Amino acid sequence: MPTNPFNPNEFFHNLLRQFYVYSHEITEKSIRGNAAGYDVLKELEKMEWSHIIDQVSACVNERRYLIVIDGISTIVEWDWIKTYFPDKKNGSRIIVSTQHVEIATLCTEQPYQVTELKQLSSEHAIYLFHKAKAMPASDLTGPSSNPNVSTTNGKNSAISNGEMQKEEQIPKDIGGNNVCTSSSGKKFEHSQTIALVDDEPIGRKTDKSKVIDLISQTNGEEGCKVISVWGMGGLGKTTLARSVYRSQQLGGWKRAWVTALHPFNREVILRSIALQLQKDIQDDPAVASGTRHERKAMTTILPQELTQELTRLLEMQKCLIVVDDLSSIQEWDSIKENFEEARCILVTTREKNVADYCSREEKNIYGLKGLKEDAALNLFKQKVFKENTENDDLCHDVDMMEQARLILKKCDGLPLAICTIGGFLATKPKMATEWRKMNDCISAALEIDPGLKTIKTVLMRSYDGLPYHLKSSFLYMSLFPEGHKIRRKLMVMRWIAEGYSRDVRGMIAEEVGDSYFHELFNRGMTLPAEGVVSYGGKIDYCQLHDMIREICISKAREENLVFTLEQGCSLRSTQGAIRHLTISSNWERDRDVFQKILDLSHVRSLTVFGEWRSFFISSKMRFLRVLDLEDTSELRNHHLNQIGELLHLKYLSIRRCFYISQLPNCLGNLRHLQTLDATCTDISKLPSTVTKVLKLQRLHVSYSSDQDQEYQHSKHDHPLVISKSYGDDLLPCPREGGVILPRGTVKLKALHTLDDVKIAGGEANSTPKELKQLIQLRRLGVVGVDETNRAEFWSAIAGFNHLICLSVNRNIPGSRLDASFDGSFSPPKSLESLKLKGGLVRVTEWIQHLQNLTKLLLSDSKVNQDAIQAIGKLPNLAIIRMGKSAFLGKELQFKRLSFPNLILLELHGLGTVTSVKFEDGTMLKLELLQATGWRELQEFSGLPFLTKLKEVWLGDKFREEIVENVQSQLADQGNQVSLKLMNTQL
């Protein structure tokens, strides 16, 4: 009998009609040879509603019956229906067909077990939930139902047959997985993504233990504790939560599981939780009295009564509620007030902002990561070889192992991808050639093979949930190659040039772009770049998971957004005009293909990886807005002579093109140019025509690479060598000479980023007087401050109320940068980042004015202990880097109550320092401590007082006794702090 949407009158009318038809057919009471149905209709038309009810009651009480109920979608429906079917112990049976595991478990008699009935395809299977022969008493914690009920459930193959082993004993609280595919082919939104073996998700032992510890630490005095597990789609959040939910370590907890189905229905969720808790409590003899009558009324009580009843249930016992797959803050707001009496709530979500909002406290937010290499391989082997993992061919076949590792590299620790591809390969011959085919055409396979479409379906849900502005920004990322580490600042500047990010509601375009970059991360669309550690909540580099990147490329191709010239690319796929063109480093650089086959007339951006060719700039590119040549090799000065023809250009980057020593005069033709990035080139002087580029907003001409980053990294995927960032160039201040700007720079009224300009010396044209007129500057880097101009310089920028980032480099060694500070002026109070290379003698007189400062970098400053004390009082300082000769003295002390919000401390090349001491109560939030580059250190003490410390990085110049002492202190701390030893000689 179909039940959706559920209608009681129709349900009983259909039930009696079928009882009557069956009766007529058996007893041969058909009149005048008519089909039985006609006679039944006549009888039913004569009946009153009350008589129909009586007749149904008589049938189910006096006869044996077999009833099939199809399409139950909520436990409320089942709880209403089952009250009309008493268990007469006469062999009667009810079969419930549902697409929801949660419903299947609650309808079936407890204890139950699961049997696989049929594997329909690599993607679909049908399971039977039925009474188990025996089950330990400890497992009987879930709702029971009528003993004459079995349920069938269609399952998605991402969960696969291995995850529901034949005849596997599964407790009632498997629940919550609602994305099942029935034999009729209906698909829902959510999926399990990892196999279960003995209730231990493969590779998730540590994750499970940590989440259970968070739950176990709940004492009830702090109110309802909300723990959030978040991560991108396919990581196995639901499976981890389910494993935690049914853990024997949580004995004594009453539990309920709900999945946030869409469209979201608050009342259905609350009724489901109340029903599950009622049953759980009813089965507890200690508290069971008086609950049976209330449970019968649960499906019909009014919403206000429902919330009161739920509150009463939550107060009776300590309760754990799992809310799976929550997708928005609004959903949480609509239900959270009903859980105030709950002891603990476990939320799973794809979005970090939802996790932050639900849990509030960082300690209760658990970011789930991909599987590590060994665990990923074990899961893959289990999927491919099933029970024969001990005798798998991988142990003996080098070629197969190589192909397996390439597959796992694509999967990048994503359990959904590993399970699905492994299950697909399980149906294929176990041969290296077969697996090589998978590696060679995985993109196409994700699109067309039914066995692999699950991956795309699950990951596409994350993309579909993006607002329009984020979809465009996300698809734009498809122009970067596989495994590429995407720099936040580059991405934001390009979004601005393309019009994806604009000034809005008091936020400038950079701030809007930053918010897009972080929101994509928070929504699980991007990952932190591998090998790059970010502290302070800001992600400076990200990268795309390979599977997400395939989605990104596929959607960008559908919208004809990005085309990549690469080895093996098909030019037939270029349908219509190309908007964004990327030239890969492995493309053969074919002039004829580029000039004669490609339609370049609508290209808006050109991004080049690898070697430059002169024909890459074409006169056909008259609408080009973005020219990104960062890290392009073999680029020479004369190759830029054509850029003056690109009249619509808004973004030009020649970053790290080391052979470029000058820019052409035709630069002045680029009247729409907003960003010019010539960082790390050999340019020492800009052409006079740059003053004609009146829309120029960002001018980066510093010799150093990426001043705000802890790591050096290029557009290409060069390996990140951690130690390389901590050599003599630790503090990335400008090169000594600086870059000379032409006279008339004051005309550039739109300029708000300028680094690094020379203000001293015979050739320097940019004087402090000219700088004074650029009051709109937000970021400024200068070189050449000395005794002759320092007073004028500090006076010139005193009125820069928008300045948030300042870098100042002395002209000659020994120059004192702040000697002119007499109380009449100091650095602008708006500063958030300050980098000083030069002597400092009056720090205690001016540092207290910088209450907004979050980042401070000092080099050759020779500050004393009093200055350190004064700096330590800054309330918002999160990062401090002390470079070569930054401190003058033998003992560097960090006193009690100093540096209250510091997260990262970096010490490098402090040659005179023999002792570094941390007092109890200092740096209560410090997470990362780095010390490199000097041999004189004899004592490193007080590390156990740094209670939030996560990592310590030590250079290789320290004596072995220092390293052993640090190891000993970290062991005593008992906070699992990792120690990394860096090779600074690389």
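Helices (H or I, at least four residues) and strands (E, at least two) are DSSP runs, numbered from the N terminus. The model is predicted: local features need pLDDT of at least 70, side-chain atom pairs count only at pLDDT 80 or more, and totals for chains, interfaces and linings use all residues. Residues are numbered from 1 along each chain as its sequence is written, and side-chain values use heavy atoms, with hydrogens and water left out.

View 1. Asp-412, which follows α15, has a positive phi near 50°.

**View 2. Buried and exposed residues of α15.** Buried means under 20% relative accessible area, exposed over 50%, and partly exposed in between (1.4 Å probe, protein chains only). Met-400, Gln-403, Ala-404, Ile-407, Leu-408, Lys-410 and Cys-411 are the buried residues of α15. They cover an arc of only 150° around the axis, which puts them on the same side of α15; the arc is that of the directions from the helix axis to the C-beta atoms. Val-398 and Lys-409 are exposed on the other side of α15.

**View 3. Pairing of β24 with strands β23 and β25.** Two strands pair if DSSP finds at least two bridges between them. Strand β23 (residues 698-700) pairs with β24 in the parallel sense over 3 bridges, and His-700 stands opposite Asp-755 in β24. Strand β25 (residues 779-785) and β24 pair in the parallel sense over 4 bridges, with Thr-753 opposite Arg-779 in β25.
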